[in-house]
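Please look through the sequence and the model below, and then follow the explanation of how some of its parts pack and pair.

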Amino acid sequence: PGCPAMLLSSPSAAAPRAALSLESPLQRVRSLHSAGRAVLRASARQLSTDARSRSGHGWTRRNQECTICALVVGHRKLVRCMAQLVPGEFELPPKLAAMATALAGLPNDRMRYQQLMALAGKLPAMPDSLKTPGNKVPGCLSTVHVHAELGSDGKVTFQGDSDAMISKGLVALLVLCLSGCTPAEIAAVKPEFIKASGITASLTPGRNNGFYNMFKLMNEKVAAFQSHSSASSSEAPKEPAGLQIYNTLTRNKETFNTLEPGIVKMYACGVTVYDLCHLGHARVMVFFDIVARYLRHLGYKVVFVRNVTDIDDKIIKRSAEAGEEAEALARRMELEMQQDAASLGCRPPDFEPRVSESIEEITAMVDTLVSKEFAYAGSTDETGGQDVYFRVRRFKNYGQLSRCSLDGNEAGARVEVGSIKEAPEDFVLWKSAKPQEPSWASPWGPGRPGWHIECSAMAKKYLGDTIDIHGGGPDLIFPHHENELAQSEAANGKPYVKTWMHCAAVRSTGDEKMSKSLGNFVTIRDVLKKYDGEAIRFYLLSAQYRRPMLYSEEGLVEANERLLKLYSCLRNTEPPSPDAEPVAPEACEQHQRFLAAMSNDFDTVSSINALSDLSKELLKLQQREDDEVRQELERLARHLRAMGSVLGILQRNPEEVCRGRGASDDAQFADRVEKLIRDRAEARTAKDFARADAIRDEIASLGVVLEDGGKGTSWRVASLAS
């Protein structure tokens with residue numbers, strides 16, 4: 001009832017169909033108006049009273065041609081309402097245009113409500129397995145879920161549901177009318193059509209906002225299909241011998257294949273924000289930034305999630321010692337962490353969820369584990385709360401990641417337990433509230449999440465049940481990632497991670513792992529006082545990521561010097577314009593070596609060697625002056641910059657980097673250096689080598705390095721100061 005297309009299929013619809021052949025849109029409208037009255041009279045016994053009181057019209061606009069695609073019925077004021085809702089203005093596909101216009105033509109809000117409820121009755125049931133946090137529409141007064149699938153024919157099929165009838169009608173309006181459309185057609189729809197159809201006046205602000213949020217979520221899902229299509233239709237990934245990644249789970253290098261063609265879903269465990277980050281954190285942040293950059297360089301669409309642990313025993317303890325609220329401490333340290341990451345040239349992840357803002361998803365996963373008997377609640381404490389534990393031995397594959405036996409190991413050893421457990425290896429999923437600690441409501445009373453469950457819940461929320469890459473430091477393999485794997489696969493009934501990656505630690509001078517808990521760490525902030533962030537990044541890339549790094553000042557000095565030499569060979573070359581065509585790696589032997597190294601489990605050591613070899617070629621060309629050499633210099637410089645962009649380096653102005661802060665902070669600094677260089681040249685011409693050496697020493701005392709070549713002497717700073 002109420003669907004104009006139904007009337008067109010009736011036996012009495014010959015006149016309406018004939019009206020479609022009229023050339024003038026206005027003639028069609030008037031003809032259909034008259035035909036509609038005849039159809040209603042002839043079909044009175046077949047249509048319900050509700051249907052007879054409904055009417056609608058609609059059309060689609062293609063190349064300025066207007067074609068009537070639905071029947072206009074009812075009284076003449078519907079002709080006037082056609083000017084209020086022009087589907088072409090809102091880019092509506094035919095089904096949605098017909099239904100929206102029918103709603104606009106109804107005389108009152110009561111009938112619009114009835115129409116929405118009738119639509120809700122036509123909505124197919126949505127399986128509970130699809131009612132996931134990732135499909136849940138935010139900002140609704142009711143609980144609304146929407147799911148999308150892209151068929152082999154390129155058309156999108158939606159499923160949806162709501163626990164409130166009116167909201168369910170709105171879900172049905174979009175789900176039924178947009179299913180069968182292409183991603184491009186859906187993306188073109190302007191949601192303001194809902195106002196023109198008269199729905200806004202009949203809904204509360206809360207539901208109306210929910211409609212826009214639902215439409216936004218549907219478009220986000222469609223946008224993912226479009227990105228997927230774009231990635232699939234682009235050139236094949238630039239993998240010289242296929243991307244190989246070492247998988248901690250199998251202890252082997254494996255050819256990387258994604259779960260969905262062209263899309264990489266990657267999750268990296270973030271920082272517990274109770275203190276400043278140290279170089280160990282920096283290495284993990286920089287490495288997974290490199291992984292994301294290279295995968296995108298290969299043409300993949302990467303969805304990168306890195307969480308922020310803002311609920312933890314250490315945060316609570318540190319905030320109590322400082323007389324500060326735990327939330328205030330966490331927010332302050334989170335900003336410091338983000339500032340440190342930016343100083344190292346790390347791009348922000350696509351999503352950076354906080355544990356405190358994911359409680360709903362966490363409690364839902366714990367509840368699922370309890371219902372599947374993979375978890376159980378302990379005894380009730382004095383506050384009325386309960387701890388909830390994971391039954392480790394019920395999960396048959398426990399230990400597959402860490403290769404450890406349960407004999408002699410307790411999976412829950414890191415976290416305190418407040419109640420008697422069934423087995424010592426069981427680990428806590430939910431902790432009952434303690435006095436003066438932050439807590440949240442749950443089915444087990446007030447409390448807060450355990451350490452391991454947070455990542456499982458957030459990974460599922462943003463990436464789904466199974467993800468392509470999960471990473472972190474090696475200290476997380478056991479117990480954190482082992483427990484995370486067990487609880488995720490137990491809850492979801494699917495494999496959790498395809499490829500596990502772990503970046504080794506930075507070790508302190510005493511060959512201990514750099515750790516906040518051990519108090520032997522060097523903060524990023526401390527190192528930034530001496531060295532430029534890009535130099536620190538270069539230093540962290542100078543060792544194979546699965547091998548521990550021994551922190552040393554000498555290593556930082558060497559990395560600083562090598563980076564400056566790379567920048568030096570780019571001097572007097574033009575940076576590529578934003579719209580320049582990307583360089584072809586096949587035209588540069590060092591570029592091919594670079595890509596081969598990166599595709600060999602992100603071998604940054606060999607990649608940097610390829611950069612260095614190319615820089616030597618550039619330095620030789622800089623000593624020559626003919627036009628042919630100049631073209632070759634510019635060509636190779638573009639390759640070097642392209643290679644550097646994958647590693648997140650060599651993207652600044654080379655002259656500014658090589659001249660250092662002195663050139664900009666002191667206008668006379670460069671003039672002074674240039675004068676000393678001229679004096680030295682004069683001394684050398686006069687064969688006064690003692691004076692020339694003395695001048696060189698004076699220049700060195702200014703923190704400047706001279707580079708003598710066939711085209712004269714140039715200078716650069718000796719160190720990239722922060």
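In this predicted model, helix 22, which covers residues 589-598, packs with helix 24, which covers residues 627-647, at an angle of about 15 degrees and with the two axes 10 Å apart. Because angles under 35 degrees count as roughly parallel, helix 22 is described as roughly parallel to helix 24. The crossing of helix 22 and helix 24 is left-handed. On the side of helix 22, the contact is made by Gln590, His591, Phe594 and Met598, while helix 24 contributes His639, Ala642, Met643, Val646 and Leu647. Sorted by class, the residues of this contact between helix 22 and helix 24 comprise six nonpolar and three polar ones, with no charged residues.

Charged residues come into view with the salt bridges. Side chains of opposite charge can pair when their charged atoms come close, and in this model the count comes to 42 salt bridges. One of them joins Arg537 and Asp289, whose closest N and O atoms are 2.6 Å apart. This pair links distant parts of the chain, since Arg537 belongs to helix 20 (residues 533-540) and Asp289 to helix 13 (residues 279-297), 248 residues apart. Buried means a relative accessible area under 20%, so Arg537, with a value of 0%, is buried, and Asp289, at 4%, counts as buried too.

Another salt bridge is formed by Asp340 and Arg525, with 2.8 Å between the closest N and O atoms. Because Asp340 lies in helix 15 (residues 326-343) and Arg525 in helix 19 (residues 524-528), the pair ties together parts that are 185 residues apart in sequence. Asp340 counts as buried, with a relative accessibility of 1%.

A further salt bridge connects Asp601 with Arg546, and here the closest N and O atoms are 2.9 Å apart. Asp601 is found in the loop between helix 22 and helix 23 (604-622), and Arg546 in the loop between helix 20 and strand 16 (549-550), so this pair ties together parts that are 55 residues apart in sequence.

Key:
Residues numbered from 1 in each chain as written. Predicted model: local features only at pLDDT ≥ 70, side-chain atom pairs only at ≥ 80, totals over all residues. Heavy atoms only, no water. Axes fitted to C-alpha atoms, helices over the stretch in contact; angles between N-to-C directions. Helix = DSSP H or I, 4+ residues; strand = E, 2+ residues; numbered from the N terminus. Parallel < 35°, antiparallel > 145°, perpendicular 65-115°, else oblique. Left-handed = near helix turned anticlockwise from the far one by under 90°. Contact = heavy atoms within 4.5 Å. Nonpolar A, V, L, I, M, F, W, Y, C, P; charged D, E, K, R; others polar. Salt bridge = Lys/Arg side-chain N within 4 Å of Asp/Glu carboxyl O. Buried < 20%, exposed > 50% of the residue type's maximum accessible area, 1.4 Å probe, protein only.
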